[in-house]
Amino acid sequence: MVLLRMRHFLRIVTSFPYETNRRLGGERLKSTLRAKLRCLWWNGQEVSQLVSVEGKRRDGEAMASARVPLDEQVVTEPGPVGKERTLPALHPERKEDRCFVPYKLLVEDASPAEVEEFLEYVRFIIEDLEWLLALPHDKFWCQVLFDESLQMCLESYLRHAPRSLDITVLPSSPAVAEMQRSIHKTIFLTFLRMATHKESKENFFTPSVFGEIIYENFLFDIPKILDLCVLFGKGNGHLLHKMIDNIFTQQPSYYSDLEETVPTVLRVFDSILDKCGLQCEGATAIEPLRLTAHKQPTAMSMEQQDFVDILLYLSDSTTTIHAFMDIFPAACTTFLSHGFLGRLTLFYEAAVPDLERAVRKRNFDDKGLQEDLWRRLSHSCRKMVESAHLLLHHTCLQPILEGKENMQTFAEELLQHFTSFLPEKRFLADYNEQFPITDDISLLHQAIPVIDETRTSYILQGVESAHDSLGRGRPQSLVQFRAFSSLSADQGAVGGTSATSGNSISLAAQETRRENVEMAAAMLDGPQKGDNGAACPISTAELESLLSCIMDLLPDLGEGFLLACLQEYDYNSELVINNILEARLSPNLDKLDRAMPRPVKEELPNVLSTRSNVFDDDEFDVFRRDQVDMSRIWKGRRKGENVEELLNDKRHIEEQRARYQAYETVVDEIVINPGESADTYGLDDYDDEYDDTYDMNQVGANDLDGDSLLNRRPFTIPQVLRKGNAAEREEESEDEDEEEPLQNNVNRDQFVQDPAVLRERAEARRAAMHQRRGFRPERSSNVVGEPKGKGQSQETNVDRRRKETNKSHVANHNRRAMADRKRNKGMFPS
């Protein structure tokens, strides 16, 4: 029996949650009873083992009056042939023949006929369940235990009933809405009575037998309890908590079933990561990834219907888990023992950014669907964060608040969980926005004074880093916490006016200051400017805290007077309070009005009114214009434009056509009739200064036929075409510069200078240039030498050898070298 129950339980937990499992490709199991074994049919022999010997002698009325539990009662009824017989109170033959119809969900765009059918079905179910609830205790339990159609009806509602996020939760008509509320209430009352083992002093079960009955007959199991929490948790939390607590109390075996369910719940996250193509790493990996495995589609590349199913699956799962832990906090310990919190944070960090990016960037045909998916994803994120908070609250914070033993252990566990959140930046920032970590750490400081300050500071710095890495502002709660913690050492009651110690701050005073003080978004370390323009050595938040602390004790004084006192005594609040109470203020402060208000801050000049910009008052100046022509503003290529249309657009030609048409008509002579002026034909007045000017110049008067010196310009070779390198051209320019003064002194009447003189000057210039550059002319070669027989000088021999060696540089290259090579190889005698 135990083996059969375990097989059935594995079939149940692997189908969690029902609706979303069907959407992801697996046909959802119809109901718990459809997957379960047949009910345990009690025969007479089994009942006789439960009925005591003394109970067999009594009839039903006597046993009821004696307050015998229902599982031990027997009744006397007429048999089939009219003879009376004695049967146990819980027997299959006592069941009434009644058929309970299953619940069917009404589709969103249902026709009038389908709406009428739905109303008829729901009316039948409500009537049958009201008849069931009206039965006496023994008849009710006989019907519950032995009527399979009743269980199928109840499970069909748990399976198909709309959740809070479903689109079909909005009723299509008032009649449908009213019928839905009626069946919802009736189903809940039925399950509530099924979970009650003692209805009155006369109608009750033996607790141990009741636990066995609901467990062995699968009246309740973990998937059913999860569905009950998500369907009836809102508005019925207290009753549902008592109901589930009674089930787990009377049958502790449900705790072991819950232990088996948590790993299945964790596989929900792994399956979503697998569907989105995100590899599971570390503790989240179920099995090693095969090297030959095909690449999974991502959230951006998968089919739209698959993507929608994943988000529906995620929203259903997270909502169900959160509802169960909220209704039944005792389950939080089981979830935490299986590492649920760590797996949840890893999944949040890996999947949520990818899913959000896919919802924003995917192209949806229906924008309403995109909005609904974004709403579901946001709801899922919120439920995951709230589930993490429930785990921490019920397992760590609640024992500390209740003052249980080993509070140090619970505080250490809470800090350990916060430290594990630090690598998950996105989850940590979202968690801190909903449930400020500073509040929990402040609670730890109050409950356990010896808490490690270094560790808490490290956690708070990690929270700041998470917000900064995501581009979010510094959390306000963290700014306030640091402001109060920095002032906690010197903001206590002062003098004889307070009964508390000098450096302690009461919790009530902190709360009062927290409500009255407006904290700055960021606390600067440097000096700040006060209201009067003077430099203030403390931040604005600290100054406000000092004012609030003094005004709590001396509420009749004005803020302006207190600011002057703080400035006078270097912002020492204790000294200010002491001097005010003892009337020992400085003379300049005594002259001030005690009720003086705070000076009004000078408003800074408007930047827009003083700015000077080249774009001022243009058509796009949004600072001075309320309306801007947005049709002339676009980003990137303008919509509807392409290259072909741009090239085919000839509007600019039409715009220029009129301009060039004026050049088409050429008139050599325009005859002006008598009485008309030049303005009639668009001509300017005649001006003869043009002809007079050029008549005086005698244009062409000196022109001669043929070539003439007057008609020719001296021919000059362009500089870029001249031979020689740049250095030579430089020298020539230098020579010309040196030559200019000489030419200026030449007699202008001398038509041709003496060539000998010119050669001497050029030679002198060349010599000066060579000397300036250190140039040494090459020695002339002398290969002729003296006549034969008279001997040759050493220089002649050297020149002859050089000429013989360098013959290859001219015609017949390498002739001598090749001849020497042949001779050396012995090709011919030398």
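**Charged pairs and cysteines**

Mentor: The side chains of D227 and R163 meet in a salt bridge, with 3.2 Å from N to O. This pair links distant parts of the chain, 64 residues apart, with D227 in helix α12 (residues 222-232) and R163 in the loop between α9 (148-160) and α10 (174-194); helices (H or I, at least four residues) and strands (E, at least two) are DSSP runs, numbered from the N terminus. The model is predicted, so local features need pLDDT of at least 70 and side-chain atom pairs count only at pLDDT 80 or more, whereas totals for chains, interfaces and linings use all residues. Residues are numbered from 1 along each chain as its sequence is written, and side-chain values use heavy atoms, leaving out hydrogens and water.

Trainee: How many salt bridges does the structure hold?

Mentor: Side chains of opposite charge can pair when their charged atoms come close. The structure holds 29 salt bridges, each a side-chain nitrogen of Lys or Arg within 4 Å of a carboxyl oxygen of Asp or Glu.

Trainee: Are D227 and R163 buried or exposed?

Mentor: Both D227 and R163 are buried, where buried means under 20% relative accessible area, exposed over 50% and partly exposed in between (1.4 Å probe, protein chains only). In the salt bridge of E93 and R85 (2.3 Å, N to O), E93 is partly exposed at 47% and R85 is partly exposed at 26%.

Trainee: How many disulfides does the structure hold?

Mentor: A disulfide is a covalent bond between the sulfur atoms of two cysteines. The structure holds 0 disulfides, counted as pairs of cysteine sulfur atoms within 2.5 Å; C142 is buried at 0% relative accessible area.
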